[in-house]
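Me: I would like to learn how to read a protein model step by step. Could you take me through one?

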Amino acid sequence: MRNYKLRLYITGHTAQAERAIANLKHICAEELQGRYEMEVIDLVEDPEEGERQRIVVTPTLIKQLPPPLRRIIGDLSDKQRVLSGLDVLPTLADDGDDAS
């Protein structure tokens with residue numbers, strides 16, 4: 001099982017930033033089930049970090065681990081896009097075959 005290190009960059013506590021945080025928490029709880037470390041960086045409080053990471057637009061999610069590094073921009077409301085960006089395959093539901 002892979003562990004994920006995620007950093008979400010926001011600019012202030014705007015509605016879009018709060019949506020991105022809530023969406024990421026929901027996706028992580030459902031799909032990563034404790035196999036993640038999530039950090040939220042507010043670029044209003046730490047603008048130098050945004051420059052170091054070359055953040056141009058917020059919210060931006062950076063998946064640092066496992067490799068490869070990936071960036072996802074937006075409020076993370078498109079769950080399939082986020083899972084694809086994180087290289088997470090959603091668990092498939094039982095296909096309905098009975099072993100009788």
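Reply: What follows is a walk through this model, from its overall plan to some single residues. The model is predicted, so local features are described where pLDDT is at least 70 and side-chain atom pairs where it is 80 or more, while totals for chains, interfaces and linings use all residues. Residues are numbered from 1 along each chain as its sequence is written, and side-chain values use heavy atoms, with hydrogens and water left out.

Me: How many helices and strands does the protein chain have, and what pattern do they follow along the sequence?

Reply: Helices (H or I, at least four residues) and strands (E, at least two) are DSSP runs, numbered from the N terminus. In this protein chain there are three helices and four strands, and reading along the sequence gives the pattern β-α-β-α-β-β-α.

Me: What is the order of the strands in the sheet?

Reply: As a general idea, strands of a sheet pair through backbone hydrogen bonds, either parallel or antiparallel. Two strands are said to pair here if DSSP finds at least two bridges between them. In this structure the four strands make an open sheet in the order E2-E1-E3-E4, and the pairing is mixed. Strand E2 (36-42) and strand E4 (70-73) are at the edges with a single partner strand each, so one side of each has no neighbour in the sheet. On average, neighbouring strands of this sheet are turned by 20° against each other, with direction ignored.

Me: Which strands pair in the parallel sense, and which run antiparallel?

Reply: Strand E1 (residues 4-10) pairs with E2 in the parallel sense over seven bridges, and Tyr4 has Tyr36 in E2 as its bridge partner. E3 and E4, by contrast, run antiparallel and are joined by four bridges, one of the bridge partners being Arg71 in E4 for Ile62. These two strands, E3 and E4, form a hairpin with four residues between them.

Me: Which strands does helix H1 touch?

Reply: Contact means heavy atoms within 4.5 Å, and angles, which run from 0 to 180 degrees, are taken between N-to-C directions of lines fitted to C-alpha atoms, for helices over the stretch in contact. Helix H1 (residues 15-32) packs on the sheet and touches E1, E2 and strand E3 (60-65), its direction making about 170° with that of E1.

Me: Is Leu8 buried or exposed?

Reply: Buried means under 20% relative accessible area, exposed over 50%, and partly exposed in between, using a 1.4 Å probe and protein chains only. Leu8 lies in strand E1 and counts as buried, because its relative accessibility is 0%. Leaving aside neighbours within four places in sequence, its contacts include Ala20, Ile21, Leu24, Val40 and Leu61. The C-alpha atoms of Leu8 and Val40 are 4.8 Å apart, although the two are 32 residues apart along the chain. Over the whole protein chain, buried residues make up 37% of the 100 residues.

Me: What does Glu49 touch?

Reply: Glu49, which is found in helix H2, is buried with a relative accessible area of 8%. Not counting residues up to four places away in sequence, Glu49 touches Arg7, Tyr9, Ile41 and Leu43.

Me: Which residues make the nonpolar surface patch?

Reply: Accessible areas come from the Shrake-Rupley method with a 1.4 Å probe, and for residues only the protein chains shown count as cover. Patches are made of residues with over 30% relative accessible area and no salt bridge, where like charges are joined within 9 Å and nonpolar side chains (Val, Leu, Ile, Met, Phe, Trp, Tyr) within 5 Å. A salt bridge is a side-chain nitrogen of Lys or Arg within 4 Å of a carboxyl oxygen of Asp or Glu. Here Val56, Val57 and Ile73 make a nonpolar patch of about 290 Å². Val56 sits in the loop between helix H2 (47-52) and E3 and is exposed, with a relative accessible area of 78%.

Me: Which peptide bonds are cis, and where is phi positive?

Reply: Most residues other than glycine have a negative phi, and most peptide bonds are trans. In this model the bond from Leu65 to Pro66 is cis, with omega near -10°, and a cis bond also joins Pro67 and Pro68, with omega about 0°. Pro66 lies in the loop between E3 and E4, and Pro68 lies in the loop between E3 and E4 as well. Arg54 has a positive phi near 60° and belongs to the loop between H2 and E3, whereas Asp87, with phi also near 60°, is in the segment after helix H3 (79-85).
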